[in-house]
Amino acid sequence: MATQRVLPQSKESLLQNYNKRLKDDIKSIMDNFTEIIKTAKIEDETQVSRATQAEQDHYEMHVRAANIVRAGESLMKLVSDLKQFLILNDFPSVNDAISLQNQQLRSLQDECDKKLTSLRDEIAVDLYELEEEYYSSSYSQWDTTDLPLCEAFRRRDSWASSDSSCSSTQGDQEYMDGAITQEVNPTQHHLNGHGTTSGDKP
Amino acid sequence: MANERLRSLEDVEKEIATVLQCAGNIVLELSKDKQNASFLDRQLVQFQSSVNRVESELSSQIRYLTQVATGQPHEGSTYSARKDCQMALNRAEYAKVKLGDLGRTCEVMLEQPQHQQQQI
């Protein structure tokens, strides 16, 4: 599965550079530490006086310790660069992250819309009653061409019942009577509508 | 998953710190007049294992990147799903505003007859 792809020169050289840095830093840490341990060995025969040798050994250990720390710091920088490269160029994981995010956003949107739809259904019921109350009161100022919601529902129900059964013709007539009387006497329509519909509904 | 790779790189960072810590402890122990041999052995073993782990983990990450990386930039985005979600939240907010208005209107209308009755 791991076929060798022809990478662009920049990416390939970048990855080779990472490899080189890794090898160099690990080698630096190991070599410098080994040399420190070797230098720590006390030798009886020295070419210069003991104080001078001690001073030299001290300075050498200091430099090698600094080299180890520098190599460690360079390795941390390498890890940071690898993280950056991974985030930008690791396409399988980027695709996974994008699809997961899309899935979460879509589920949130669906949940929001579902709740809005259920809210709409609940409010429609209350709005029906409110409109019925309002348009049958003496405060309403609607014109006959503009159907209120309750009237629209009643007419839709009457059309549906007339299609399904013939026993509702009396109900239709009473609906029409109710509609006619609504213009004349709005307050009575409320009672008539409730009285007739409760008896005529199958 | 990318998170696992990033977490393993963070573990590598901790291992590098362990390497330096072990090296320092070994040199510190060697500087004493009387050294604890078992402590030195433990620290040395930990130093070597940490160095090997760092090298192997970073090599495997670089190998994986060599296999996976292309020269192209990634052009995927979550913009459309985010926009749709934002619109859904806007719809909900709008419905909330409208319901608030309706509620206030009903309260105002309910207060008015009470005022009229009080005036009478």
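Me: How many residue pairs are in polar contact between chain A and chain B?
Reply: Three residue pairs, with both partners at pLDDT 80 or more. Keep in mind that this is a predicted model.

Me: Which helices of chain A supply the side that touches chain B?
Reply: α1 (9-39), α2 (50-89) and α3 (91-135) each supply at least two residues of that side. α3(A) gives the most, with 17 residues.

Me: And how do the residues on that side divide up?
Reply: Into 31 nonpolar, nine polar and seven charged.

Me: How much area do chain A and chain B bury between them?
Reply: About 4500 Å², 78% of it on carbon and sulfur atoms. In terms of contacts, 47 residues of chain A meet 48 residues of chain B.

Me: What's the count of salt bridges between chain A and chain B?
Reply: Two. One of them is K83(A) with E13(B), where the closest N and O atoms are 3.5 Å apart.

Me: Switching to rings: how many aromatic pairs are there over all chains?
Reply: Three, from a search of the whole structure. Among them is F33(A) with F47(B), a tilted pair at 4.5 Å centre to centre with 35° between the planes.

Me: Why does that pair join two chains?
Reply: Because F33(A) sits in helix α1 of chain A, while F47(B) sits in helix α2 (residues 37-68) of chain B.

Me: Are F33(A) and F47(B) buried or exposed?
Reply: F33(A) is buried at 5% relative accessibility, and F47(B) is buried at 1%.

How values were computed:
Residues are numbered from 1 along each chain as its sequence is written. Chains are lettered from A and ligands numbered from 1 in the order in which they are written. This is a predicted model: local features need pLDDT of at least 70, side-chain atom pairs count only at pLDDT 80 or more; totals for chains, interfaces and linings use all residues. Side-chain values use heavy atoms; hydrogens and water are left out. Contact means heavy atoms within 4.5 Å. Buried area is the accessible area (1.4 Å probe) that two parts lose on being put together, summed over both. A salt bridge is a side-chain nitrogen of Lys or Arg within 4 Å of a carboxyl oxygen of Asp or Glu. A polar contact is a pair of N or O atoms within 3.5 Å; within protein, one must be able to donate a hydrogen and the other to accept it, and residues adjacent in sequence count only if both atoms are side-chain atoms. Helices (H or I, at least four residues) and strands (E, at least two) are DSSP runs, numbered from the N terminus. Ala, Val, Leu, Ile, Met, Phe, Trp, Tyr, Cys and Pro count as nonpolar, Asp, Glu, Lys and Arg as charged, and the others, Gly among them, as polar. Rings of Phe, Tyr and Trp (its six-membered ring) pair if their centres lie within 6.5 Å; planes under 30 degrees apart count as stacked, over 60 as edge-to-face and the rest as tilted. Buried means under 20% relative accessible area, exposed over 50%, partly exposed in between (1.4 Å probe, protein chains only).
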